[in-house]
Amino acid sequence: MAGSNPNAKPMNLTLNVWRQAGRHTSGKIVEYQVKDISPDMSFLEMLDVLNEDLLRKGDDPVAFDHDCREGICGSCDLFINGRSHGPEKGTTTCQLHMRKFSDGDTITIEPWRANAFPVNKDLSVDRSAFDRIIQAGGYVSVNTGGAPDGNEIPIPKEISDRAFEAATCIGCGACVAACKNASAMLFVSAKVSQLALLPQGHVERKTRVENMVAQMDKEGFGACTNIGSCAAECPVGISLENIAILNREFLAAKATSNNLA
Amino acid sequence: MQLDSKSPEGPLAEKWDKHKFNVKLVNPANKRKYDVIVVGTGLAGASAAASLAELGYNVKAFTYHDSPRRAHSIAAQGGINAAKNYQNDGDSVFRLFYDTIKGGDYRAREANVYRLAQVSVNIIDQCVAQGVPFAREYGGLLANRSFGGAQVSRTFYARGQTGQQLLLGAYSALSRQIAYGKVKMYNRSEMLDLVMIDGVARGIVTRNVITGEVENHAAHAVVLATGGYGNVFYLSTNAKQCNVTAAWRAHKKGAYFANPCFTQIHPTCIPVSGDYQSKLTLMSESLRNDGRVWVPKTVEMAQRLRKGEIKVADIKEDDRDYFLERKYPAFGNLVPRDVASRNAKLMCDEGRGVGSTGLAVYLDFAEIIQRTSAEAVSQKYGNLFAMYEKITGENPYELPMRIYPAVHYTMGGLWVDYNLQTTVPGLYATGECNFSDHGANRLGASALMQGLADGYFVIPYTIGDYLAQTPPKPVDANHPAFAEAKAGVQARTETLLNIKGTRTPDDFHKALGHIMWEYCGMARNAEGLRHAKAEIQKLRKEFWSDVRVVGTGEELNQTLEKAGRVADFLELGELMIDDALDRNESCGGHFREEYQTPEGEALRDDEHYAYVAAWEYQGDNQPEKLNKEELVFENVKLTQRSYK
Amino acid sequence: MSWITKTLTSSIGRKIIMALTGLFLCTFLVVHLIGNLQLFKHDQGAAFNTYSHFMGTNPIIRTIEWGLVLGFGFHIFEAFALTRRNKAARGATGYVSNHSEQNSEWTSRNMGILGSIILIFLIVHLYNFFWRARFGGLDKMGGDNPETRDYDNLYMAVVSSFHIWWYVLLYVAAQISLGYHLWHGFRSGFQTLGLNHRKYTPVIKYVGYAFAVVVSAAFAAMPLYFFLFTNDQGDLKAAIASPIMHAVASAF
């Protein structure tokens, strides 16, 4: 019943899926077969098919995180055939479609792997470390109500656009998953540069970068070695330039802030 | 119960200021003695939680997501309206108010909508201060664009990701309060019941979806910001997890549910491609500015097209029916959402739909590409075209897009008064979760506005009024009501696990969605609605005897979560049907086929139906009781829409 | 001092030390290379030995030498520290299937391996030339020039070493590693220091590539030249001493 192409052939696939009962148990790869997969299905719809099959057989369906299924909420997070969000560039798992695969393919599906992202169950991981990094300083401290008129501070369009590009990070964690060092620098740098570029962020510029980096280190993420996997796998194209900005901000803050701690 | 909207007296423009002066205040030193629960962390929830914590209240915030930033507000594309009049094009608070009331087909409360328009300007300022990177002009000032239903440019935007940027702004404010310890954040916690003590909301019961632990949380007031219920249709543009459970449990505890049949169908979505379809994706409405909507003139030709015997290019210009341009020469392809949607359905019902399912119409860009260039079109719609191609595998520069309407937003929701308080004292509802501001139809770029208005600028005042009248002593979490509610939640989980039937929750959900879409979707009639009611009752019975949930309640069990939500949708669906049956008129998102003009346009009945239908729960399997809040229009004249 | 140690042991701090020491070592490579080009001079090592004598005795150079030791020391120490930290960050369970070759360059992912090869080379190299030059064990130059007569004849040590096949092999392998190490390291150093700019970063990248190729090729040319083209006195083999080689050699 393919929508776009009535002649598209359904596919049969072998899935190697990471199964793990809970946070403190060990897991393993389990092989499943799925049949009659339409090339027009999204990857998660293919997993829905698998899960419905498992459920009908009385087996435990595969747990995975997902929500909006339109590439913006950042919930979905599968490591597919050795790649964050699978083989297609600039795409989240939910927007990856089965036409990118062929009949008879074997697909390996794993959770993000990072010490700071413990597995909840199967393919679902805990990414609250990202929240704690934002809590450490990823904001402008303005209480509701006291804001001046929105047009009070003109911001050059070019600066505003660059800040926007950094701000589009969806917090999925693909950068950490792809990085050899499980580093979260692309994530952290996206927020730091957004707020470093905008005048609104300047007041807390130094403390922000100091605190966010400290929290990032505390969470146990690795250090960036400029490999570039993160940016290559980022579904929304956050640029490595942001990491340079982060480094610069950090260095400048440490060198000039009055913070002795 | 007599519904009291609590709209302040006096001239429209002074109501809110007057009310803000009249509300009671909580002494700054006493604020820390009050606990407030906020359920949901989308625009309405995150902004409320952050603002209340800034005031000094102790806030407990809940989301079933792994992070507050995942809420579905994030997916809003277009923008947010505000009566800033930065463009000098004649906008004003009153005009935004008027457009919203008219767009809602005169089924919203004047005082609420006016307040919404008033605070809209503060929202923009607040968001800019937070570092939300709105689009800007070269001179560095904020840019605006125009949107459906308005003749002024008042929509602020951040490319096609306005919802994301606004939510991340609210999330950052929330994160700051979490860091300060003023908000205690509970991720992956789903609200499964409301706890009432002496007729007042005093807490909630949640289930930690990772550990399965059922927990009680006590507070002096509860704010529900849990979004809409569009997923009752199974397929919608809502996120997969969006559900009505929190609102529904509150409803069953005494909160009236208002106008449940008011659902918005968005005309330009990517059509369903197969039975496996899990959700629908919206394509921005702006595409209708340049795309032309058509289907083949004859059923025979459409059939051959669907079978692949002929191609789009084989259909000559004369054999194409540009039905919107034909029927509505004045507005053409730019008729409002509901009109465009209904006509697309009409064409498909006639058998002239395209695509392999026959449930799609073409949105063709050939003419604009020819008139300008592919590059020019790409400049304007590049990201949308790319998204379309990613999902369908078709290149819209070469083939016309296939589009079909899809459920997008629900105007109905928990009934609230001017203070956003439900009929349960101490229980508030904000954002899409309440019914308040959009009447029978929501205008584009107004959902974000309402969510943030409620959270940043309304709730912080109105909840104070309630708390000031509540003694600042801790709520007793050991009250038997908590144990009882908790036991109820646990029993329900056990029940679901022990049915051990044959059909999956998704199976039931799809069946429900099918019924709702067929009989309570874009067009409804009494006969169909009565049929649907019987079908849903049958389905619900089957559900409770044949649903299959495996595993246990003490682990991450997504099937169990789903089953609980579907169970509530099955009850809500019936109420929507009742509401649609009661409303013998057509207005906004509610089109009753019996009530239309000779030209096939919606026919409102202001004399008999200018009211809010607020439904009161009467017990399991009992018909709900209808309460009416009569709508009084003192500042606008009710007119019939015409787009000919 | 706690803010300093905290800064320097943070993930970014360590990287900044890597970058600073790395770029400093790049300048060392330039100096070292220019000096070593004396080896190609067709004068039985007179120029090279003069140069090495200067490097071994000049007090300014001897002082800078300590900087060099620290540069290497920190570069290596931080490399180990970062590698440990980064390995731990992945966690106990790694990926079953990981196709990082599809999203990044091999060089960038294997700086540790490349660096380790260079480190092994460095130890051998230091022992063979530096240690012997500094702490004795080399013949004197001899000859008629009273000024250079007592200089260590490092040149002959080079010539004889570069006639041992495995030694030449180690050198060439190390220089290939160095080339790859610099291929990533040069531009990476700038990125870590925050020197990323839409205008200049592409230039830095290509300068880095050129630097990596030229430096490693030039260093690798030395053992190959002596092994392939000279006899055990460092003179061009008659059979190979074609006019072209003469031209090349005398050009230096």
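Biologist: What makes β12-β16-β15-β13-β14 of chain B an open sheet of 5 strands, and how do the strands pair?

Modeller: In this predicted model, those 5 strands follow that order with antiparallel pairing. Strands are DSSP runs (E, at least two residues), numbered from the N terminus, as are helices (H or I, at least four). At the edges stand β12 (263–269) and β14 (320–321) of chain B, each with a single partner strand, so one side of each is left without a neighbour in the sheet.

Biologist: Why are β15 and β16 of chain B called paired?

Modeller: Two strands pair if DSSP finds at least two bridges between them. Here 3 bridges join β15 (residues 361–364) to β16 (residues 401–410) in chain B, so they pair. B:Tyr362 stands opposite B:Arg402 in β16(B).

Biologist: How many cavities of 30 Å³ or more are there, and what makes a space a cavity?

Modeller: There are 14. A cavity is a set of points, on a 1 Å grid over the protein atoms alone, where a 1.4 Å probe fits but cannot get out. Volume is the space filled by probe spheres set on the points, which are joined across faces, edges and corners; the second largest cavity holds about 560 Å³.

Biologist: Which residues line the second largest cavity?

Modeller: Lining residues have an atom within 4 Å of a point. There are 38, and those closest to the centre include A:His66 and B:Lys562. The largest share, 7 residues, comes from α16(B).

Biologist: How are residues numbered and chains lettered?

Modeller: Residues count from 1 along each chain as its sequence is written, and chains are lettered from A in the order written.

Methods:
This is a predicted model: local features need pLDDT of at least 70, side-chain atom pairs count only at pLDDT 80 or more; totals for chains, interfaces and linings use all residues. Side-chain values use heavy atoms; hydrogens and water are left out. On a 1 Å grid over the protein atoms alone, a cavity is a set of points where a 1.4 Å probe fits but cannot get out, and a pocket is an open set with protein on both sides within 12 Å along at least five of seven lines; lining residues have an atom within 4 Å of a point.
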